[in-house]
Amino acid sequence: MFVLLFGPPGSGKGTQAAALAERLGVPHVATGDIFRKHLREGTELGKLARSYMDRGQLVPDLVTCDLVGSRLGEADAAGGVLFDGFPRSVPQLYWLIGHLGATGRSLASVVNLQVADEVILGRITGRRTCTNCGATYHAVSAPPNADGTCARCGSAVVQRKDDTEAVVQDRLVAYANQTFPCLEQLVDRTPIHNIDGVGGIEQVKGRIFAALGL
Ligand code: AMP
């Protein structure tokens, strides 16, 4: 069961993905999280990715597909994956379709979270992220501990460099120009479930599960 979770930055993909992956019984593969892990560990890949991420641009397709190819080679990914933030360009999409197709596998469905740009800006610029475990908070609606630490692991909670307003605008442009066209390519291939991403976490989760018949 290979499922794609689509949606602009700040549409709630990361928040919804963990519960959905668990319910589907497949690993959650988030390319953004993998890049951030490399960044924290200071690997060559992390240094390369940072130069794109800090500007709100996509990491080159070859680098990203290579990374996903390695992840898909791990045993737990053989039967399915919930992709979050991948593919993000039409070349990445066709790479994935070809990669799965080579072993007789295919995409089962797409969950497309829809949120208006104005709502996204408020969500992302208020977003705060744990430097250690990646837990996310919101400066106003869901703050971390009073001393600025993570309620889950106690590490520092900060604003991601690419969550500032200027970078978010660039990420939205990248989404519209490079990522959204993937959906047009998928229309005749794979069932697409358009989900209203505005609402409480449980409410949106309920909509996703209902659409997938879970
Ligand atoms: P995310 O956490 O999914 O919002 O991703 C953060 C940043 O990581 C993006 O703005 C890109 O710079 C990079 N990134 C994540 N996934 C991809 C991908 N599939 N292709 C290219 N760049 C990506």
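## Around the ligand

A polar side-chain atom of R36 sits 2.8 Å from an oxygen atom of the ligand. R171 has a side-chain N or O atom 3.0 Å from a ligand oxygen, and for R160 that distance is 3.5 Å. A polar contact here is a pair of N or O atoms within 3.5 Å. The protein covers 95% of the 480 Å² of accessible area that the ligand has on its own (Shrake-Rupley method, 1.4 Å probe).

There are 16 residues around the ligand, and T31, R36, Q57, G85 and Q92 come nearest; being near takes a heavy atom within 4 Å. This shell splits into 5 nonpolar, 6 polar and 5 charged residues, with Gly counted as polar and Arg as charged. Helix α2, residues 31–41, gives the most to the shell, with 4 residues (a helix is a DSSP run of H or I, at least four residues).

## About the model

This is a predicted model, where local features need pLDDT of at least 70, side-chain atom pairs need 80 or more, and totals for chains, interfaces and linings use all residues. Numbering starts from 1 along each chain, and side-chain values use heavy atoms, leaving out hydrogens and water.

## Rings

Ring pairs link F83, F86 and W95 into a cluster. Rings pair if their centres lie within 6.5 Å; planes under 30 degrees apart are stacked, over 60 edge-to-face, and the rest tilted. The count is 2 aromatic pairs. F83 and F86 are tilted, 5.7 Å centre to centre with 45 degrees between the planes. F86 and W95 have centres 6.1 Å apart and planes at 80 degrees, so that pair is edge-to-face.

Key. Polar contact = N/O pair within 3.5 Å; in protein donor to acceptor, adjacent residues only side chain to side chain. Helix = DSSP H or I, 4+ residues; strand = E, 2+ residues; numbered from the N terminus. Phe/Tyr/Trp six-rings, centres within 6.5 Å; stacked < 30°, edge-to-face > 60°.
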